[in-house]
Amino acid sequence: MDFGFILALLFKQNPEAAVAYMRAMPQGEEYTEGLLMVLGALGQSEPKRALILAHDMATTREQRLIYSILFDQFARRDVPSALSYLELVPAGESRVNALRALATIWAGSDAASAINWAEHLGDATERAAALEATLITLSTHDPRRTLELAQQFLSGGPLDRILAASLKQLTADDPQAASQMVSRLPAGTVQIAAALDVARALAAQQPETAVSWLKTLPDGELQGLALNNVLDVWCAKNPQDAGQYVAQMSEGPGQDAAAGHLAQALAAANPPAAIHWAEGLESDSARNGAVVGVASAWARSEPEAATRWAGDLGADDPARAESMRSALSYWVLEDASAAGRFVQTLPEADRV
């Protein structure tokens, strides 16, 4: 901090002396900090000279951030001049940094012109970087248009990042519109993340609409993950209705997983109510999953009570052993000695 303060003061009093000091300074963390400060300040009055110096002095990844700093300044003052300065930037990471900074500022004032410019850049890597920076800015106020343009111009990682950012914004603005887009996305991490966001947003408005929308998603894991997100929101708003929905689901792995998940949410707030709901499930497998979920969630706050409750389940209850193991693991963390004494009171079959 002292170094930065003194160097800034030196630059203010004698810019040439500050530049000369930086030229003679050995490489290191302070050199990088000083370089960004001195050349950034020099760029305010002598942009071309700052770029010429950066060409020779910025040799590491961190130091090449100077091009982001400089072109942010240039674009804020005058976009045409900033464009003309690009010829002084070496190809590679330095130029990509400059392009991203310029595109970001330009898109904030004239997105259409920035997109047209970025689209016609000759180098594929530079074109993708400039388009991504432009579209990420556009996504904050026009996510629908951004989604269209991204799929038209981008691919791979840049496309995924723009889709993710645009869908997050669209979900906040209009969950219904976002839900239609998510259902049409190709399978992958972008669809998964967007689907979970949309599920929660729709559930916050109307859980019944959210569970109906889930049917438009691919069968399997994604539907289950999205349903869990809906149930979390639904349970917080109306646990009775959430419980009734899960109880009326078709029997099978889907209901079993949902019952286990909802039981944890119910038990975190009200263990007795969660137990009552779990015991009322008609499907044996769903009930077993719910009982284990109750034990696990309850044990996070009251491990001894949860463990003893699990131990009191019928000896022939298929969920008893797993419920005890789950609850006991939390009790061991809280009080290993007490948990150990409890284990010694169990029948030999349970201790094994």
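**A loop serine and beyond**

Guide: Let's begin with serine 139, which sits in the loop between H9 and helix H10 (143–153); helices here are DSSP runs of H or I with at least four residues, strands are E runs of at least two, and both are numbered from the N terminus. This is a predicted model, where local features need pLDDT of at least 70, side-chain atom pairs count only at pLDDT 80 or more, and totals for chains, interfaces and linings use all residues. Residues are numbered from 1 along each chain as its sequence is written, and side-chain values use heavy atoms, with hydrogens and water left out.

Visitor: Is serine 139 buried or exposed?

Guide: Serine 139 is buried, at a relative accessible area of 4%. Buried means under 20%, exposed over 50%, and partly exposed in between, using a 1.4 Å probe and protein chains only.

Visitor: What is serine 139 in contact with, leaving aside neighbours within four places in sequence?

Guide: With those set aside, serine 139 is in contact with Thr146, Ala165, Ser166 and Gln169. Contact means heavy atoms within 4.5 Å.

Visitor: And aspartate 174, where does that lie?

Guide: Aspartate 174 is in the loop between helix H11 (156–173) and helix H12 (175–184). Its relative accessible area is 25%, so aspartate 174 is partly exposed.

Visitor: Switching to helices: why call H7 largely enclosed?

Guide: Because 12 of the 17 residues of H7 are buried, the rest of the structure largely encloses it. Among the buried ones are Arg95, Asn97 and Trp106.

Visitor: What covers them?

Guide: The cover includes helix H5 (66–77), helix H6 (79–85), helix H8 (111–119) and helix H9 (124–138).

Visitor: How do H1 and H3 pack?

Guide: Helix H1 (residues 2–13) and helix H3 (residues 29–45) pack at about 30 degrees, with axes 10 Å apart. Axes are lines fitted to C-alpha atoms, for helices over the stretch in contact, and angles run from 0 to 180 degrees between N-to-C directions.

Visitor: Last one: which residues touch the most other members of the largest nonpolar core?

Guide: Of its 118 residues, those are Phe71, Trp117, Trp213, Trp277 and Trp309. Helix H19 (residues 284–299) gives this core its largest share, nine residues. Such a core is a set of buried Ala, Val, Leu, Ile, Met, Phe, Trp, Tyr and Cys residues joined through side-chain atoms within 4.5 Å.
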